[in-house]
Amino acid sequence: MGFQCPCRAGAKRSSASFKLLASKVCLFFFFLQEQVKTSLHQVLGPILLLGRIVEIYGQEASGKTTLALHIIKEAQRLGGYCAYIDVENAMVASLAESIGVDTDNLLIAGPDFAENSFKVIDTLAKSGSIDVIVVDSVAALVSECELGVLMDTNLPDVQSRLMTRALRKIQYSLVQSQTLLVFINQVRSNLRSYHGFRRTKEVSCGGNALKFYSAVRLRILRRGLLKNESEVYLACFIFGLVYRK
């Protein structure tokens, strides 16, 4: 069916949801030289519901930002308004435009620390004028108290506690305004899980709060590149539906 994005022509927002069709674990190929012609709803399996939180996580260069930009593109294609919270200050407008995102109608914000980021998200959600909000990324969220101290100062679990307080407040605003919030997250190796020759366990940043508040958790793995002589023309990724409420 694709996205059922509500239009705001003076009418109330409908409770339609972003519906994506396919299997739970599937392969998707990103063409690096031309725009992806495969529509997003033909690839992903979970249903991205309005008023919910979605977490997209994986290793570096695995296509997390590209997937989030495709969600924005699909929402804009059906008349939705989107916001991009660029915490990493790494947003490339030309890349987004090559994917199909209308950057002229995309609200891009770059708050200086995490508290301001969550204030922006809460304000946009309460306004009721935004359909999709993308936060890139959770790992780059730095609390204000961390910016004013020395780097060797021990501040235990500041980010996870901040995420717990912020998500508890933002969740209500998202439900009331029916806004989809997408968090892009990175993974770290948990050295405590190392036993003998087993691989270390990968954990996502930001503590456990995001796991509990997320309605859908998507993990992305890059499985290889196809090259033609010295030129890369195809990349293979695997999407896994880790959790869905």
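Let's start at Gln178, which sits in the loop between H5 and S6; helices here (H or I, at least four residues) and strands (E, at least two) are DSSP runs, numbered from the N terminus. The phi of Gln178 is near 55°, a positive value in a residue other than glycine. Gln178 is partly exposed, with a relative accessible area of 22%; buried means under 20% relative accessible area, exposed over 50%, and partly exposed in between, with a 1.4 Å probe and protein chains only.

A quick word on what you're looking at. This is a predicted model, where local features need pLDDT of at least 70 and side-chain atom pairs count only at pLDDT 80 or more, while totals for chains, interfaces and linings use all residues. Residues are numbered from 1 along each chain as its sequence is written, and side-chain values use heavy atoms, with hydrogens and water left out.

You'll find Asn89 in the loop between S3 and H2, and Asn89 is exposed, with a relative accessible area of 61%. For background, most residues other than glycine have a negative phi, and most peptide bonds are trans. With that in mind, have a look at the bond from Asp136 to Ser137, which is cis, with omega near 0°. Ser137 belongs to the loop between S5 and helix H4 (144-147).

Now let's step back to the whole chain. Its secondary structure comes to six helices and nine strands. Of its 245 residues, 45% count as buried. The chain exposes about 13100 Å², and carbon and sulfur atoms supply 52% of that; these areas come from the Shrake-Rupley method with a 1.4 Å probe, and for residues only the protein chains shown count as cover. Contact means heavy atoms within 4.5 Å, and of the contacts with a separation of 6 or more, 71% are accounted for by residues 24 or more positions apart.

So what about strand S5, residues 132-136: how many of its five residues are buried? Five of the five are, so the strand is largely enclosed by the rest of the structure. Val132, Val134 and Asp136 point one way from S5, while Ile133 and Val135 point the other way. On pairing, two strands pair if DSSP finds at least two bridges between them. S5 pairs with strand S3 (residues 82-86) in the parallel sense over five bridges, and Asp86 has Asp136 as its bridge partner in S5. Five bridges also join S5 to strand S6 (residues 180-190), again running parallel, with Val134 standing opposite Val182 in S6.

Next, two helices. Helix H3 (residues 114-127) has 14 residues, which at 1.5 Å a residue should span 20 Å, and its end C-alpha atoms are 20 Å apart, which agrees; the expected span is 1.5 Å times one less than the number of residues. Buried residues in H3 include Phe118, Ile121 and Leu124. Seen down the axis, the buried residues of H3 fall within an arc of 165°, so they line one face of the helix; the arc is that of the directions from the helix axis to the C-beta atoms. The face turned away carries the exposed residues Lys119, Thr123 and Lys126. The buried residues of H3 pack against S3, strand S4 (106-109), S5, helix H5 (158-177) and S6. Gly128 follows H3, and its phi is positive, near 75°.

Just after H1, Gly79 takes a positive phi of about 90°.

Last, the interior. A nonpolar core is a set of buried Ala, Val, Leu, Ile, Met, Phe, Trp, Tyr and Cys residues joined through side-chain atoms within 4.5 Å. The largest one has 29 residues, of which Ile56, Leu69, Ile72, Val132, Val134 and Leu180 touch the most other members. Which element gives the largest share of this core? That is H1, with six residues. A second, separate core of 24 residues includes Ile85, Ile121, Val138 and Ala209.
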